[in-house]
Amino acid sequence: MPKDENITNDNLIIGRNAVLELLKSGREVENILVAKGEREGSINRIIAMCREKGIVIKNVDRKKLDFISGNANHQGVAANVSAHSYSTVEEILEYAKSQDEQPFIIICDGIEDSRNLGAIIRSAEACGAHGIIIPKRRNAGLNFTVSKTSCGALEYMRVARVSNLASTIDDLKKKNIWVYCADMDGQTWCKTDFSGGCALVVGSEGNGVGRLVKERCDAAVSLPMRGKVNSLNASVAAGIIMYEVTKQRLGL
């Protein structure tokens, strides 16, 4: 293969021409990786197009680009593409309406581990959730690890990606959807009334739900701990609370 040839694999596209064509195509893009200090030639056009489209740009060391591209000639730029198309929040709400059901939504705040996000999607689909909302930044996107970990559930789950979780929560509340966040200081999960439209916010294992997002929530729910470790894996905690929502909806 010629050293200057642009190449692709399942979720990584490298090389300036390949990335430019990707941006023109309208295909879902998770983020663009640009080598630090790389600002000559068509890189500037790539950056401008990303800003116009609201695509996240990450400045990374050239060594990282060398590694993830298998030392191929990436020309200082690479793009991570999505394994699945995104929906909108409106489409999630319309789907719930079409099922004649109150909306049941999972909101992820800072779930950066792709396997955790994939596991959350798998549990959400099994529990009958209508959709998942994730932020554009500081959260795993719909990459191929997420798709694999979801074990096929991603094909049936609507996932919306938004710029601002706090304002999205405000919009949901205006539609009579109660928003609960998983938090250690909340009320016991199984004593919480999840009837009606509801959204569950799950934060990262390290930092939990962010302050601004937590302030928007109507209530917090917690899982009591008896062991020496005071936290659960984010996807495990989310799954337990999701099944309580499902239990109540089924009248069990």
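**Exercise 1.** How many bridges join β1 to strand β4, and how do the two strands run?

*Solution.* 
Step 1. The model is a predicted one.
Step 2. Strand β4 covers residues 77–81, and three bridges join β1 to β4.
Step 3. The two strands run antiparallel.
Step 4. As an example of the pairing, Ile14 has Ala78 in β4 as its bridge partner.

**Exercise 2.** Describe the open sheet to which β1 and β4 belong, and state why one side of β1 and of β3 has no neighbour in the sheet.

*Solution.* 
Step 1. The sheet is open and has four strands in the order β1-β4-β2-β3, and the pairing is mixed.
Step 2. The edges are taken by β1 (12–14) and β3 (56–60). Each of these has a single partner strand, so one side of each is left without a neighbour in the sheet.
Step 3. From one strand to the next, the twist averages 25 degrees.
Step 4. Helix α1, residues 16–25, packs on this sheet and touches β1, β2 (29–35) and β4. The direction of α1 makes about 40 degrees with that of β4.

**Exercise 3.** Is Asp183 buried or exposed, and which residues does Asp183 touch beyond four places away in sequence?

*Solution.* 
Step 1. Asp183 is placed in strand β8, which spans residues 178–188.
Step 2. The relative accessibility of Asp183 is 17%, and buried means under 20%, so Asp183 counts as buried.
Step 3. Leaving out residues up to four places away in sequence, Asp183 touches Lys214, Ala220, Val221 and Ser222.
Step 4. With Lys214 there is a polar contact of 2.9 Å between the two side chains.
Step 5. The Asp183 side chain also reaches the backbone nitrogen of Asp185, at 3.0 Å.

**Exercise 4.** Which residues have the most contacts inside the largest nonpolar core, and which element gives the most to this core?

*Solution.* 
Step 1. The largest nonpolar core has 33 residues, and Ile106, Ile121, Ile132, Val159 and Met242 have the most contacts inside it.
Step 2. Two or more residues of this core come from each of β5 (104–109), α5 (114–126), β6 (131–135), β9 (198–203) and α9 (234–249).
Step 3. The element that gives the most is α9, with six residues.
Step 4. Take Ile106 as a case: leaving out residues up to four places away in sequence, Ile106 touches Ile120, Ala124, Ala129, Gly131, Ile132, Ile133, Leu200, Val202 and Met242.

Notes
Residues numbered from 1 in each chain as written. Predicted model: local features only at pLDDT ≥ 70, side-chain atom pairs only at ≥ 80, totals over all residues. Heavy atoms only, no water. Core = buried A, V, L, I, M, F, W, Y, C linked by side-chain atoms within 4.5 Å. Buried < 20%, exposed > 50% of the residue type's maximum accessible area, 1.4 Å probe, protein only. Contact = heavy atoms within 4.5 Å. Polar contact = N/O pair within 3.5 Å; in protein donor to acceptor, adjacent residues only side chain to side chain. Pairing = 2+ DSSP bridges. Axes fitted to C-alpha atoms, helices over the stretch in contact; angles between N-to-C directions.
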